[in-house]
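Here are some notes for your reading of this entry. Please keep the sequence and the 3D view open while you go through the points.

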Amino acid sequence: MYLLILAILIPFFVAALMPLIHKRLEPFHLGWFVLLVPLVLFALFVSQIPAISNGDTLIQTIHWIPSIGINFTAYLDGLGLIMALLITGMGSLVVLYSIYYLSPSDSFPHFYAYLLLFMGAMLGVVLSDNLIVLYVFWELTSISSFLLIAFWYHRKNSRYGAQKSLLITVFGGLGMLAGFLMLHGITGTFSIREIIAVMVQYTDHGLFYPAMFLILLGAFTKSAQFPFHIWLPDAMEAPTPVSAYLHSATMVKAGLYLVARFTPIFGGTASWFWTVTIVGLITLFWGAFCAVRQTDLKALLAYSTISQLGLIMSLLGLGSAALHFGDGEQGALYGLAIFAALFHLVNHSTFKGALFMVVGIIDHQVGTRDIRRLGGLMAALPITFTFAVIGSFSMAGLPFFNGFLSKEMFFASTVNAVGLPLFGVPTWGLLIPLIAWIASVFTFVYCMIFVFRTFFGTPQLKKVDRKPVEPTLGMLISPAILCVLIIGLFFAPNLLGDHLLKPALQGIIPDISGAAPQISAWHGVNIESLMTFGIIAVGTLLFLSLRRWIIIYRLQPAGWTFTAFYNAFLKGLKQTANWTTTHYMTGHLPAYFSYIFLFFIVVAGGTFVYTDALAIDFTNDSPISLYEALLTAVMAIAAISILFTKSHLSAILLNGVLGFSIAIFFVLFRAPDLALTQLVIETVTTVLFLLCFHFLPEWTTERSSKRIKVRNAVIAIGAGVTVTLIGLTVNSGPLFDSISSYFENSYELTGGDNIVNSILGDFRAFDTMLESLVLFIAGLGVYTLIRLKLGKGPEKDEHQ
Amino acid sequence: MNINDVILKTVSKAVVLIIFTFGIYLFFSGHNQPGGGFIGGLVIASAFVLMFLSYDSETVSDALPIDFKKLSALGVLLAMMSGVAPLFFGKAFLSQSFGYFDLPIFGKTELATVTIFEAGIALTVIGVVVNIILSISEDE
């Protein structure tokens, strides 16, 4: 019934069960139980393939806050399906791999709970139709990624990497949320499908471009695009299965998914085309360029992931031109780029997943990932070597592996872009294939480094911790499956193309139905294949002469990196925060009161002046009765007397007089509920005061200079005047219709005669619920603060 | 405490019972008359406070082993849960319903789910108020 929504929620349920079941499963590894979740979900999504490839879509809704259009709507189309299959498929392989990878000293329930949390969040991102729900899941992926990167939290680098990734991705996510809200402001709906349907009318709306750039900010930070790529290498502090899963196959692709999903909304404009393409190309080049210099295998893979994400991003940018042309030959030509992007998305997950697992095996079996200490592992690890060759040759775009096919399509798309008669392309267009080609040469070089430096040459047994041997069979299953896929997709690419990529393409651009091509391995001697030959030739030369030109990396001054900038920014932030805090948190209560009241006078009084709202009108007021006048006099006398009392006790009692007088006011104005509440509250607070009274220090007159006294008096009078003015003005300016008629039918709607309680419990129950929550938190706060003072005992123990 | 102690203790035995009854009455009457979860909870809390004032807190704690921190947490949980429950019946978060039933002693009675929500509020209020007063008075 609610199959999709259930699929999203199942990982969360199982994650919540983790602490309960991990003891009961003792003889078995917890991973075997967890493995069931992605396997079942994968089977579920596979069963949807026939329907989706027929062009059907699935949509299921649970109402969440329908009054403001926020509903938990799960929507499955081709694009969502392909992502869901990646998430659950890679998830199964990674969980299987992790069973052999984790050491018994790791906390399994934590690890698998985080992993499942991530899986559910990721499914939520790719299957949500509602922007707000998508945002919630989006940030949940950041949080679960944070938890997983910091899994070995005793390491300083893990904590640093986790914080960095969280700060950067959440920063982008907040921007994205602002963009979403702007989209809602433009179209009046949170549903992505509805926005796509109506967006055509709003392309010249003032918020169109701000919304677009903010949403792109979210996508770029998540997908580690230049210059936000700096978090990804540091995220490699996570356990390797996590790197394989989150930081290469799924989470980083959320940004690509978002760009693909929003292409029908923003695509077809020059800004979108250029921003996405250029950022993608820069990332592609910079990632490949930096990967060559890395000495840690995982860092090398991290930079290569950045580069490949840039490749897919630039393809999505190039393909967005198809929206401009619509259903026609030109449209189909550029639609090919999006098709290539989707194809490479899948291919990248297969080969990068396999490569990360290979690095995990090397790390696990040899004890190091440092290229300088590795070499000659081919003899000791022949199976792992085979996987490494398959994975990296696919990544380099060599024939007989799936990476070759999508790389050729990438070249074809960049070459097509040169002739694009749009967006001012002809002048600069030639740069697009050129950058792509140069980046691919570097890609070839680092792929060769990965294989040859690790597995060839003389074994350096003295430099490694353990004598390398092939790992247990279980650790090899997952990369083996991925390697079979890599080769299988080369020989039967159209199986994937027809059943998954075509529907996904239709999910992005429904108009160009005929764009999805037949993928063929050999397409004759044309520009693309010539480019590939060039890459192999130049790349081999560069790899062989690596020692001669590697010095160019030293040209970059040491402090001139984005990471250095990030660190300096954080440091500055901390110092500024420290400085300001020490200057306004004086520990002096009157100072705090002055801040609060000054702020109040400026904001509330300022609004009065600014909006010219001050209008006092006594004509409609009801006459003042004798009781009211008397009560007011009593209250005024009590309030003024408090200022001049010399003892605590009389101050407390006078305060009580004030409170009870207000209660009598409520009685006079026929508000029994309020009167009752006020009476009880007043009683309880007076008791509370009397309790505190015992512990208060003696009442001493504060000695302060005349200047401070005058300042305090001015602030006090200002606050009083502002409040009085608000009270008088509010009464005279009926800005809104009275809402009391709205609640007239409270008996029919709620079965309650008491309107006040119907409002509290039925109409505005959300307020009441949150208020009780606030009360609870405040209570805990009071308790904790008081106990903290009491609890000096254990603190002393700690110091001893 | 000194001479007044005896009078206070004797009086509060009776008064506490009256306050409790009044509080519970307020709680249930809230749907149609002045009262409700918040006030009912406050009144009941004041009964507890009176008990703690007239006897020392240890005696009361022995007689009434209630952890007021947990009580307030339970209250918040109850209020939240009563909000989540309608979701399982395809209704919006926090939507309440009511109906009329023939009960053996009370005759035709109105039962409303909002009472559960109000009970959560009442428990929160009791827990928080008593907890705050207890922690302040025990702070020596």
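1. In this predicted model, chain A and chain B bury about 3,900 Å² between them. Carbon and sulfur atoms give 74% of that area. The size of an interface is often given as the accessible area lost when the parts come together.

2. Five elements of chain A each supply at least two residues of the side that touches chain B: strand S1 (58–65), helix H29 (672–693), helix H31 (746–750), helix H32 (755–763) and helix H33 (765–790). The largest share comes from H33(A), with 15 residues.

3. By type, the side of chain A that touches chain B divides into 25 nonpolar, 11 polar and 6 charged residues. In terms of contacts, 42 residues of chain A meet 46 residues of chain B.

4. How many salt bridges does the rule find across the interface of chain A and chain B? The number is 0. For polar contact, the rule finds 1 residue pair across this interface, with both residues at pLDDT 80 or more.

5. A separate point concerns Asp106(A), which sits in the loop between helix H4 (78–101) and helix H5 (108–127) of chain A. Asp106(A) is buried and has no salt bridge. The nearest side chain of opposite charge is that of Arg155(A), 7.8 Å away; a salt bridge needs the atoms within 4 Å.

6. What does the side chain of Asp106(A) join in a polar contact? The partner is the side chain of Trp152(A), at 3.0 Å. Leaving aside residues up to four places away in sequence, Asp106(A) touches Phe151(A) and Trp152(A).

Key
Residues numbered from 1 in each chain as written. Chains lettered and ligands numbered in written order. Predicted model: local features only at pLDDT ≥ 70, side-chain atom pairs only at ≥ 80, totals over all residues. Heavy atoms only, no water. Contact = heavy atoms within 4.5 Å. Buried area = accessible area lost by both parts, 1.4 Å probe. Polar contact = N/O pair within 3.5 Å; in protein donor to acceptor, adjacent residues only side chain to side chain. Helix = DSSP H or I, 4+ residues; strand = E, 2+ residues; numbered from the N terminus. Nonpolar A, V, L, I, M, F, W, Y, C, P; charged D, E, K, R; others polar. Buried < 20%, exposed > 50% of the residue type's maximum accessible area, 1.4 Å probe, protein only. Lys, Arg positive; Asp, Glu negative; His and termini not counted.
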